[in-house]
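Thanks for coming. I will walk through one structure today, element by element, and give the cut-offs as we go.

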Amino acid sequence: GAVGFVAEMNNLVKKYNLSGTHFTNFDGIDNPAHYSTAWDLAQIGRLAIKNSVIRETVKNKKISVTDISGKTIHQLESTNELLGEVPEIQGLKTGWTPDAGGSFVALINLNGHELISVVTRSEDRFGDTVKLINWAKSNLSYRPYSP
């Protein structure tokens, strides 16, 4: 059930030493004991995209899902306003609550280089993400890594 799922979420963040995060529910409803940091959200996003089902699902602006029989169909639409509008956006996770405001953990592809951006407590989470993408395009460069 939901309680077991939340416990597993807390076990996962503990496993990866994400000490700035604690879950009390699975849907992000405001609670003083439910919190995370921008750093932890980026790491959770990095872990999430290792799962091919998540990676492919978050790219979809719209998707149809059915029950096992295939008779009950639900049309789902992403709240990610940048999908299909900003070519670098590959998806990930939007959020909003009255206390936290808008948040967006974005998976960004800049010429084959993947980045994760995190916007929190925003009144314009998508506009802020576009500003980060534009900054990255102008300021990041890549070199071969050799330890």
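Which residue in β4 does L92 stand opposite? L92 stands opposite A106. Before going on, the ground rules. This is a predicted model, where local features need pLDDT of at least 70 and side-chain atom pairs count only at pLDDT 80 or more, while totals for chains, interfaces and linings use all residues. Residues are numbered from 1 along each chain as its sequence is written, and side-chain values use heavy atoms, with hydrogens and water left out.

Start with the sheet. It is open, has three strands in the order β3-β4-β5, and its pairing is antiparallel. The edge strands, each pairing on one side only, are β3 and β5. On average, neighbouring strands here are turned by 10 degrees against each other, direction ignored. Helices and strands are DSSP runs, H or I of at least four residues for helices and E of at least two for strands, numbered from the N terminus. Two strands pair if DSSP finds at least two bridges between them. For angles, axes are lines fitted to C-alpha atoms, for helices over the stretch in contact, and values run from 0 to 180 degrees between N-to-C directions.

Now the connections. β3 and β4 are joined by eight bridges and form a hairpin with three residues between them. Strand β4, residues 101–110, is also joined to β5 by eight bridges.

α2 packs on it, touching β3, β4 and β5, and its direction makes about 140 degrees with that of β5. Helix α4, residues 125–139, lies across β3, β4 and β5, and runs at about 30 degrees to β4.

What about burial? Buried means under 20% relative accessible area, exposed means over 50%, and partly exposed is in between, with a 1.4 Å probe and protein chains only. β3 is largely enclosed by the rest of the structure because seven of its nine residues are buried. In α2, residues 38–48, the buried residues are D40, A42, Q43, G45 and L47. Their cover includes β3 (89–97) and β5 (113–122).

Next, the loops. A100 is in the loop between β3 and β4 and is partly exposed, at 33% relative accessible area. Leaving aside neighbours within four places in sequence, A100 is in contact (heavy atoms within 4.5 Å) with D30 and R121. From A100 to T72 is 28 residues in sequence and 34 Å in space, C-alpha to C-alpha.

Two asparagines deserve a look in the backbone angles. Most residues other than glycine have a negative phi. N17, in the loop between α1 (2–15) and α2, has a positive phi of about 55 degrees. N111, in the loop between β4 and β5, has a positive phi near 50 degrees. N17 counts as exposed because its relative accessibility is 67%, and N111 counts as exposed at 78%.

Last, the surface. I63, V65 and L76 make a nonpolar patch of about 210 Å². V65 sits in strand β1, residues 62–66, and counts as partly exposed at 33% relative accessibility. Patches are made of residues with over 30% relative accessible area and no salt bridge, with like charges joined within 9 Å and nonpolar side chains (Val, Leu, Ile, Met, Phe, Trp, Tyr) within 5 Å. A salt bridge is a side-chain nitrogen of Lys or Arg within 4 Å of a carboxyl oxygen of Asp or Glu. Accessible areas come from the Shrake-Rupley method with a 1.4 Å probe, and for residues only the protein chains shown count as cover.
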